[in-house]
Amino acid sequence: GGQSLADASSTHSAFGDCRAKLLGQRIKTRIALGSFVLSERNEYDKETYFTLAAKARRLIYDDFRKILREDGDGVDALLSPYEPAFYAGNKRRLKAVADLLSTPTNLAGSPGISVPCGLSSDRLPIGMQVMGRRFGDDIIFKVSRVLEAKAQFP
């Protein structure tokens, strides 16, 4: 048979409890901001938000395409820090910076992978992000393997 109303309510409650326990504050803040933008109480035009976000995403996408060209004039992969251990004393700042470092790859629709490459003086991990062109996963895996082998991360 199907699910009873009591079962559905119980399942919904379980999901809510799970989200409350597992989602970090940054994610909860993003959900709240998204809910505000989409809410009826928001006096600003929702299409304006969407249009501005779409334009910003397109600019990031275009920049990645220019740099990661396949015609020989571009590069095969980009490297950037990923685990900014230098913010270790400020956990909130550390998370915010790590989030900012991964956002461009996500917005560009490009693959990215974090590779451990060492430890800070405080013995915290330092990561390097390898980013590639769309559908260029094979290249970032090759570059990542080389970085891991060279770093000899413990």
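Trainee: What pattern does the chain follow when read along the sequence?
Mentor: The pattern is α-α-α-β-α-β-β-α. The chain has five helices and three strands. Keep in mind that this is a predicted model.

Trainee: How do you know how confident the predictor is in the chain?
Mentor: The chain averages a pLDDT of 78, and 73% of the residues score at least 70. The scale of pLDDT runs from 0 to 100. Within the chain, confidence is lowest in helix H1, residues 5-22, where the mean is 64. Confidence is highest in helix H5, residues 137-151, at 92.

Trainee: What span is expected for H5, and what does H5 reach?
Mentor: H5 has 15 residues, and the expected span is 21 Å at 1.5 Å a residue. From its first C-alpha to its last, H5 reaches 21 Å, which is close to the expected value. Just after H5, Gln152 takes a positive phi of about 50°.

Trainee: Why is Ser144 called buried?
Mentor: The relative accessible area of Ser144 is 4%. Buried means under 20%, so Ser144 counts as buried. Ser144 is found in helix H5. Leaving out residues up to four places away in sequence, Ser144 touches Ile113, Val115 and Val130.

Trainee: Is Phe135 buried or exposed, and what makes it so?
Mentor: Phe135 has a relative accessibility of 76%. Exposed means over 50%, so Phe135 counts as exposed. Phe135 sits in the loop between strand S3 (125-132) and H5. Phe135 also has a positive phi of about 65°, although it is not a glycine.

Trainee: Why is Gly112 called partly exposed?
Mentor: Gly112 has 43% relative accessibility. Buried means under 20% and exposed over 50%, with partly exposed in between, so Gly112 counts as partly exposed. Gly112 belongs to strand S2, residues 112-119.

Trainee: Which residues is Gly112 in contact with, leaving aside its neighbours within four places in sequence?
Mentor: Gly112 is in contact with Thr105, Val130, Met131 and Ile140. The C-alpha atoms of Gly112 and Met131 are separated by 4.3 Å, although the two residues are 19 residues apart along the chain.

Trainee: What makes Ala108 a buried residue?
Mentor: Its relative accessible area is 2%. The cut-off for buried is under 20%, so Ala108 is buried. Ala108 has its place in helix H4. Not counting residues up to four places away in sequence, Ala108 touches Ile60, Tyr61, Phe64 and Arg134. The C-alpha atoms of Ala108 and Arg133 lie 9.1 Å from each other, and these residues are 25 residues apart along the chain.

Trainee: Why does Leu107 get the label partly exposed?
Mentor: The relative accessible area of Leu107 is 30%. Leu107 is in helix H4. Apart from residues up to four places away in sequence, Leu107 touches Arg57 and Ile60. The C-alpha atoms of Leu107 and Arg58, 49 residues apart along the chain, are separated by 8.4 Å.

Trainee: What share of the chain is made up of buried residues?
Mentor: Buried residues make up 18% of the 154 residues.

Trainee: How many of the contacts between residues at least 6 apart join residues at least 24 apart?
Mentor: The share is 55% in this chain.

Trainee: What is the volume of the largest pocket, and which residues are closest to its centre?
Mentor: The largest pocket has a volume of about 340 Å³. There are 10 residues lining the largest pocket, and Arg30, Tyr49, Ala53, Thr103 and Leu107 are the closest to its centre.

Trainee: Which helices each supply at least two residues of that lining?
Mentor: They are helix H2 (25-38), helix H3 (46-67) and helix H4 (91-108). The largest share, five residues, comes from H4.

Trainee: How do the lining residues of the largest pocket divide by type?
Mentor: Five are nonpolar, three are polar and two are charged.

Key:
Residues are numbered from 1 along each chain as its sequence is written. This is a predicted model: local features need pLDDT of at least 70, side-chain atom pairs count only at pLDDT 80 or more; totals for chains, interfaces and linings use all residues. Side-chain values use heavy atoms; hydrogens and water are left out. On a 1 Å grid over the protein atoms alone, a cavity is a set of points where a 1.4 Å probe fits but cannot get out, and a pocket is an open set with protein on both sides within 12 Å along at least five of seven lines; lining residues have an atom within 4 Å of a point. Grid points are joined across faces, edges and corners, and a volume is the space filled by probe spheres set on the points. Helices (H or I, at least four residues) and strands (E, at least two) are DSSP runs, numbered from the N terminus. Ala, Val, Leu, Ile, Met, Phe, Trp, Tyr, Cys and Pro count as nonpolar, Asp, Glu, Lys and Arg as charged, and the others, Gly among them, as polar. The expected span of a helix is 1.5 Å times one less than its number of residues. Buried means under 20% relative accessible area, exposed over 50%, partly exposed in between (1.4 Å probe, protein chains only). Contact means heavy atoms within 4.5 Å.
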